[in-house]
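Let's take a friendly look at the pockets of this protein and at what lines them.

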Amino acid sequence: MSEALLTVDRLTAGYGDAPVLHGVSLSLAPGTVTAVLGANGAGKTTLLRTVSGLVRAESGRIMLGGEDITRMPVERLVRHGLVHVPEGRGLIAELTVDENLRLGGLWRRGHAEARRSLEEVYNLFPALPARRRQPSQQLSGGEQQMLALGRALMARPRLLLLDEPSLGLAPRVTADFMGLLRHLVDSAGLTVLVVEQNVKSALSVADRGVVISLGRVVVAAAADRLRGDNELRHHFLGF
Ligand code: ATP
């Protein structure tokens, strides 16, 4: 197996005095999708927020491409190729589609590079060019999720963290979104860690699944295995 892009080693983190994550370890091979699954309150969002520097790690280590990024400030993480799309998408409602996308490219060094990325993103999401002058709040939920992904891609991430991308989307729109994500991973070598309540749709796109319960990893397995093993599915995923 190729060397991991992301390695999380015995990570403990939480809010105030109460740890939410208790020694979480996982590793992501480059060019793969890993789904983080588990019940409400299990700690999935906290895991993403800790990897992306929004919650401070109390102990343990996070390595990205062989470099220790534990407690690295968020803006440096973006420069290292790690981009987080939070639950709710984090778009600025009053700004236009174009302005939201340009914000994602602020980290890029040159104007020409940012302009090239902008055109690439518009090519990737055919619904967006016609809406470029509209405020993002006028887009449908699916279009907003595409815009959030497009904005993340403007920073040319190596590792993309996605929190509940299917939230509020119709099944058809979710399927389109997951298909596009898979295309990006397969064609551009992107690596994705995605938190999902929608287990079926997450496992349809993922290579691996990690189930978190009460802040601990209880299962880490190939997505095929999670889909095919009835006992595992019933016990940990509830379907
Ligand atoms: P969900 O799918 O419901 O979002 P989750 O698995 O993503 O669940 P987290 O959001 O990581 O779970 O929450 C894990 C625990 O941390 C919960 O008990 C939650 O109440 C607590 N928690 C989350 N955010 C905060 C915060 N900002 N301050 C204090 N506690 C928090």
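The lining of the second largest pocket is made up of eight nonpolar, two polar and two charged residues (nonpolar: Ala, Val, Leu, Ile, Met, Phe, Trp, Tyr, Cys and Pro; charged: Asp, Glu, Lys and Arg; polar: the others, Gly among them). This is a predicted model, where local features need pLDDT of at least 70 and side-chain atom pairs pLDDT 80 or more, while totals for chains, interfaces and linings use all residues. Residues are numbered from 1 along each chain as its sequence is written, and side-chain values use heavy atoms, without hydrogens and water.

A pocket here is an open set of points on a 1 Å grid over the protein atoms alone, where a 1.4 Å probe fits, with protein on both sides within 12 Å along at least five of seven lines; lining residues have an atom within 4 Å of a point.

|---|---|

Among the residues lining the second largest pocket are Ser117, Glu120, Arg156 and Leu190. Helix H4 (111–124) gives the largest share, four residues (helices are DSSP runs of H or I, at least four residues; strands are E, at least two). Domain 1 (6–81 + 157–237) and domain 2 (92–155) each supply at least three residues to this lining, with domain bounds from an automatic or database assignment.

Turning to the largest pocket, 24 residues line it, with Val78, Val83, His84, Pro86 and Arg151 nearest its centre. Strand E6 contributes the most to that lining, four residues. The largest pocket lies between domain 1 and domain 2 because both give residues to its lining.
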